[in-house]
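Thanks for making time this morning.

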Amino acid sequence: MRLILSLCLSEGFDTFPTLLCADGCSMIDRRMGIYGYPIEIQSLFFMALRCALGMLKPDAEGKEVIEKTVKRLHALSYHMRNYFWLDFQQLNVIYRYKTEEYSHTAVNKFNVIPDSIPDWVFDFMPQRGGYFIGNVSPARMDFRWFALGNCIAILSCLATTEQAAAIMDLIEERWEELVGEMPLKICYPAIESHEWRIVTGCDPKNTRWSYHNGGSWPVLLWMLTAASIKTGRPQIARRAIDLAESRLLKDGWPEYYDGKLGRYIGKQARKFQTWSIAGYLVAKMMLEDPSHLGMMSLEEDKQMKPVIKRSSSWTC
């Protein structure tokens, strides 16, 4: 553990507290334009660091690693909660960004051009709700919704209590887009047309609303259920499980579903997939006995510094 942490926490050219990830080095193991700092990797990194703190021995060798881990956790939580978070209010702030700002007073920290905001975001973002966007790096924000990263953010307490509630609000408000007829969309929206050709290299498996490009994956049902229970919204999990039960057995437990609403069995989906079955069983067991949540969810760290509003940074 110490060797792994020494590698992950080492100084380098990368100035972010986040973990760099190339395309194809995550659950989305093909080119999908996630190069940089994808939300799912940062959420898992945060959770791994918190778990490490609970297992490291505070002896002579472990003390230094523990100190580095705590320092990184504080920096990572601040970075993610401020720069990856998007809700209606923050979208309006980004929409009004000024560019070419310098020094610590800069509000537009990553020099993002407001015209780069995709049109779909304005219609997708409800008044009530929010989420961690897919990626943030210099001059680039990937506004796509990624289910895995947001669910893990809730379970690891990377998301504050308010942010976790807002993520579940968004799922309820945008149920048709994010859940549809088969839980759960791996990402939203799909990459299409010219963008699909450039970003994926004309990947025939990742056509629009299929596989990793907006496909629906039953294995994600357990993460949605865990996040729903943790935020006190078991009715969301119950609704999603009811949808899955109406299709999964009849369809032969496929790997993924296609289409905007997840109505069609994936064109290359293998059937009788262990993880599709396991995701459903774990979700059912958690809903029947919520105490199981403790095996996969962390409690809030009371010592973690509270989220600092962007306006406060003007006087830092």
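Predicted model: local features only at pLDDT ≥ 70, side-chain atom pairs only at ≥ 80, totals over all residues.

Let me begin with a question: which residue in S3 is the bridge partner of Ser137? It is Arg140. Residues are numbered from 1 along each chain as its sequence is written, and side-chain values use heavy atoms, with hydrogens and water left out.

Strand S2, residues 130–137, pairs with S3 in the antiparallel sense over four bridges, where pairing requires that DSSP finds at least two bridges between the strands; strands here are DSSP runs of E with at least two residues, and helices are runs of H or I with at least four, numbered from the N terminus. The hairpin of S2 and S3 has two residues between the strands, and Ala139 there takes a positive phi near 65 degrees. S3 also pairs with strand S4, residues 187–188, in the antiparallel sense over two bridges, and Trp145 stands opposite Tyr188 in S4. As for S3 itself, residues 140–146, six of its seven residues are buried, meaning under 20% relative accessible area with a 1.4 Å probe, protein chains only.

Turning to the helices, the axes of H2, residues 39–55, and H3, residues 60–84, come within 10 Å and cross at roughly 150 degrees, the axes being lines fitted to C-alpha atoms over the stretch in contact, and the angles running from 0 to 180 degrees between N-to-C directions. H2 and H3 are therefore roughly antiparallel to each other, a label used for angles over 145 degrees.

Key: Parallel < 35°, antiparallel > 145°, perpendicular 65-115°, else oblique. Buried < 20%, exposed > 50% of the residue type's maximum accessible area, 1.4 Å probe, protein only.
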